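Let's walk through this protein together, one question at a time. Keep the model open as you read.

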Amino acid sequence: MLRRLDLTTAATADLRRALPRARVDVQAALQAVTPLVEDVAARGYPAVRDATLRFDGVDVPEPRVPADALRAALERLDPAVRAALAESIRRARIVHDAQRREVVDVQVVPGGTVTERWVPVARVGLYVPGGLAVYPSSVVMNVVPAQVAGVESIAVFSPAQKEFGGLPHPTILAACELLGVDEVYAVGGAQAVALAAYGDIPLGIEPVDVVTGPGNIYVAAAKRLVRGLVGIDSEAGPTEIAVLADDTADPVHVAADLISQAEHDTLAASVLVTDSAALAEAVDAEVERQVGLTKHTDRVRIALSGEQSAIVLVTDLDQGLAVVDAYAAEHLEVITADARALAERVRNAGCIFVGPHAPVSLGDYCAGSNHVLPTGGTGRHSSGLSVQSFLKGIHLVEYSADALAEVAPHVIALADAEDLPAHGAAVAVRLS
């Protein structure tokens with residue numbers, strides 16, 4: 001099912017081109033999304049309402065979810081799911097609390113200080129998808145770091161569901177209630193991103209400063225269009241798992257992990273990188289056996305047999321490291337004899353899962369880490385969602401008259417060198 005890719009003779013410079021990757025054309029999606037985003041910018045919620053009826057098949061006259069619907073969703077939630085969400089929230093808070101940034105006060109010279117303050121953005125729009133699956137865990141992963149950062153105004157957007165009377169899925173609503181988020185909108189897709197960015201003042205929907213959360217290619221395209229007007233976390237693409245494994249790895253575990261990501265989407269990527277031909281054969285056999293036992297067999301089979309998934313053979317683990325660094329997976333598992341030491345050598349990945357007892361599924365729900373992660377190779381330059389995603393660093397510069405007089409000749413010399421004499425004059429005029 002998984003195609004075999006032999007890179008034992010490949011040059012490191014060719015790795016990015018050689019590795020499997022889903023073909024995702026955000027530029028093409030932009031052509032479809034641009035008129036919609038422009039319509040929302042011009043008409044506000046009426047344009048969103050039209051789009052919701054067109055794409056989701058449900059008419060939603062009032063997008064904000066009533067408070068009693070949020071309470072009812074939590075009251076009706078399966079107790080086991082409620083307990084699991086509560087534990088997920090508890091663990092996420094532990095990790096994200098440790099990410100808080102402190103004020104940094106630096107004395108550059110006597111009388112001259114630069115202070116860096118970390119200030120939360122005022123308002124965020126958090127997107128929670130609702131396509132092939134239901135993602136209350138994404139509510140947790142978006143809301144917790146925003147709350148820990150100190151964001152005062154949080155709005156959650158999730159698609160209206162026809163089978164739930166035009167409301168988002170009740171498990172999404174229950175998660176919002178559990179987290180104390182009472183501003184929830186039954187809006188999905190590109191129109192949700194546009195509504196978050198532009199708002200609708202007559203309806204009392206204030207525009208946000210930052211939009212975060214995963215979604216399909218149209219959500220990614222909408223994020224690209226509004227970036228600059230608002231901040232975004234990333235243009236999330238199809239989910240990915242890469243597993244770097246040697247002959248100590250259990251093929252049953254590896255196959256299960258590859259399948260777990262493949263059930264997200266037919267474009268999901270599952271990649272095994274190994275220096276063991278025997279493990280490759282064993283994983284291949286296990287994948288065939290386990291796919292027939294899983295619920296979403298057809299979806300999984302399409303994803304695993306697609307061009308984005310493969311078993312990659314390498315000469316040794318050093319080359320394996322080069323391969324996974326070139327791939328920069330959203331999720332990387334390292335299951336080797338000395339997994340921690342090898343994992344610490346990885347430069348590019350959204351999140352690294354170390355050893356045989358840390359599967360990606362743990363991080364999806366209850367590890368305490370965040371599961372909103374960079375995809376499509378953007379882990380080479382981007383990080384996953386964190387408290388930092390909702391903070392701005394602002395410098396406060398404070399100098400005494402003596403400290404300014406001391407440095408003035410240098411400021412004036414540099415201003416003259418750049419032919420900006422008024423810059424120098426703004427300092428000179430303050431000197432006695």
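Q: Is Val108 buried, partly exposed or exposed?
A: This is a predicted model, in which local features need pLDDT of at least 70 and side-chain atom pairs count only at pLDDT 80 or more, while totals for chains, interfaces and linings use all residues. Residues are numbered from 1 along each chain as its sequence is written, and side-chain values use heavy atoms, leaving out hydrogens and water. Buried means under 20% relative accessible area, exposed over 50%, and partly exposed in between (1.4 Å probe, protein chains only). Because its relative accessibility is 47%, Val108 counts as partly exposed.

Q: Which strand gives the most to the nonpolar patch?
A: Val104, Val106, Val108, Val397 and Tyr399 make a nonpolar surface patch of about 410 Å². Two or more residues come from each of strand S2 (104-109) and strand S14 (391-399), strands being DSSP runs of E with at least two residues, and helices runs of H or I with at least four, numbered from the N terminus. With three residues, the strand that gives the most is S2.

Q: Which two residues form the aromatic pair, and in which strands do they lie?
A: The structure holds one aromatic pair. Its rings are stacked, at 5.1 Å centre to centre with 25 degrees between the planes, and belong to Phe157 and Tyr185; rings of Phe, Tyr and Trp (its six-membered ring) pair if their centres lie within 6.5 Å, and planes under 30 degrees apart count as stacked, over 60 as edge-to-face and the rest as tilted. The pair ties together parts that are 28 residues apart in sequence, because Phe157 lies in strand S5 and Tyr185 in strand S6.

Q: Is Phe157 buried or exposed?
A: Phe157 is one of the two stacked partners, along with Tyr185. Its relative accessibility is 2%, so Phe157 counts as buried.

Q: How far apart in space are Lys223 and Glu235, C-alpha to C-alpha?
A: Lys223 sits in helix H9 (residues 217-226) and is buried, with a relative accessible area of 1%. Among the residues that Lys223 touches are Val193, Ile232 and Asp233, not counting residues up to four places away in sequence; contact means heavy atoms within 4.5 Å. Lys223 and Glu235 are twelve residues apart in sequence, and their C-alpha separation is 6.6 Å.

Q: What separates the C-alpha atoms of Asp325 and Arg16?
A: Asp325 belongs to helix H13 (residues 317-327), and at 16% relative accessibility Asp325 counts as buried. Although Arg16 is 309 residues away from Asp325 along the chain, their C-alpha atoms are separated by 9.2 Å.

How values were computed:
Patch = residues over 30% accessible without salt bridge, like charges linked within 9 Å, V, L, I, M, F, W, Y side chains within 5 Å. Areas by Shrake-Rupley, 256 points an atom, 1.4 Å probe, with all protein chains shown as cover. Salt bridge = Lys/Arg side-chain N within 4 Å of Asp/Glu carboxyl O.
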